[in-house]
Amino acid sequence: MINSYQPTYILKLTLLLLIFADGAFASTKELPRFAALKVSEANIRTGPGSTYPVKWVFVKKNMPVEIIAEFENWYKIRDNLQYQGWVHKTLIYSKRYFISQKEAILYKSPLKKYNIPLYKFEKNIIGQIKSCRAEWCEVRYKDYYGWTHKSNIWGVYASENF
């Protein structure tokens with residue numbers, strides 16, 4: 001016995017399968033967002049495709065980048081110096097890293113009464129962001145774990161908490 005809704009259901013299911021199989025659906029992640037290079041060398045191109053010329057080459061693994069646009073398998077990214085270009089999405093991962101904007105102190109805690117300096121890092125060092133809240137981020141640089149003010153680093157939005 002065929003229900004009256006069955007042909008409609010089959011048509012909708014077929015359309016969904018075609019969309020997912022084709023990869024034609026849009027990303028559900030918000031733009032812009034921060035990510036990082038997962039490789040130690042990445043060609044940054046003038047457009048979203050391997051036939052576009054290489055603008056420059058990133059040579060630092062875990063370099064934080066801001067994804068500002070997407071086209072098929074390509075991300076348009078921006079670095080901390082505001083340079084922009086396109087990179088294949090397989091070269092990017094969602095782990096969070098920072099680049100220091102200036103010399104800054106890494107503290108044991110963001111709380112004033114426990115704000116003991118642990119390490120002084122230089123401008124342009126790259127480290128991992130563990131979490132962020134209010135005005136502070138918990139980070140790792142080399143073997144040091146601690147907290148730094150969001151204004152010291154590039155790789156997180158001022159209003160972002162995670």
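Residues 24 or more positions apart account for 52% of the contacts (heavy atoms within 4.5 Å) in the protein chain that have a separation of 6 or more. The structure is a predicted model, in which local features need pLDDT of at least 70 and side-chain atom pairs count only at pLDDT 80 or more, while totals for chains, interfaces and linings use all residues. Residues are numbered from 1 along each chain as its sequence is written, and side-chain values use heavy atoms, with hydrogens and water left out.

**Overall composition and confidence**

- The protein chain contains one helix and 14 strands; helices (H or I, at least four residues) and strands (E, at least two) are DSSP runs numbered from the N terminus.
- Of its 162 residues, 36% count as buried, where buried means under 20% relative accessible area, exposed over 50%, and partly exposed in between (1.4 Å probe, protein chains only).
- The mean pLDDT, the predictor's confidence in each residue from 0 to 100, is 87, and 83% of the residues reach 70 or more.
- Residues 8-26 have a pLDDT below 50, and this stretch makes three contacts in the model beyond near neighbours in sequence.
- Where pLDDT is low, the predicted coordinates should not be read in detail.

- Not counting residues up to four places away in sequence, Phe 58 touches Leu 37, Ser 40, Glu 41, Ala 42, Ile 44, Met 63, Val 65, Ile 77 and Asp 79.

**The loop residue Val 59**

- Val 59 lies in the loop between β3 (54-58) and β4 and is exposed, with a relative accessible area of 60%.
- Beyond residues up to four places away in sequence, Val 59 touches Ser 40 and Glu 41.
- The C-alpha atoms of Val 59 and Ser 40 are separated by 5.2 Å, although the two are 19 residues apart along the chain.

**Salt bridges**

- A search of the whole structure finds four salt bridges, each defined by a side-chain nitrogen of Lys or Arg within 4 Å of a carboxyl oxygen of Asp or Glu.
- One of them joins the side chains of Arg 33 and Glu 70 (2.9 Å, N to O), linking strand β1 to strand β4 across 37 residues.
- Arg 33 counts as buried at 14% relative accessibility, whereas Glu 70 is partly exposed at 28%.
- The side chains of Arg 78 and Glu 66 meet in another (3.0 Å, N to O), which connects strands β5 and β4.
- Glu 66 is buried at 8% relative accessibility, and its contacts outside four places in sequence include Phe 34, Trp 154 and Tyr 157.
- Arg 96 forms a salt bridge with Glu 160, the closest N and O atoms being 2.8 Å apart; the pair links the loop between β7 and β8 with the segment after β14 (153-154).
- Both Arg 96 and Glu 160 are buried.

**Disulfide**

- A search of the whole structure finds one disulfide, a pair of cysteine sulfur atoms within 2.5 Å.
- Cys 132 and Cys 137 form this link, with their sulfur atoms 2.0 Å apart, and both residues are buried.
- The link is right-handed, with 105° about the S-S bond.
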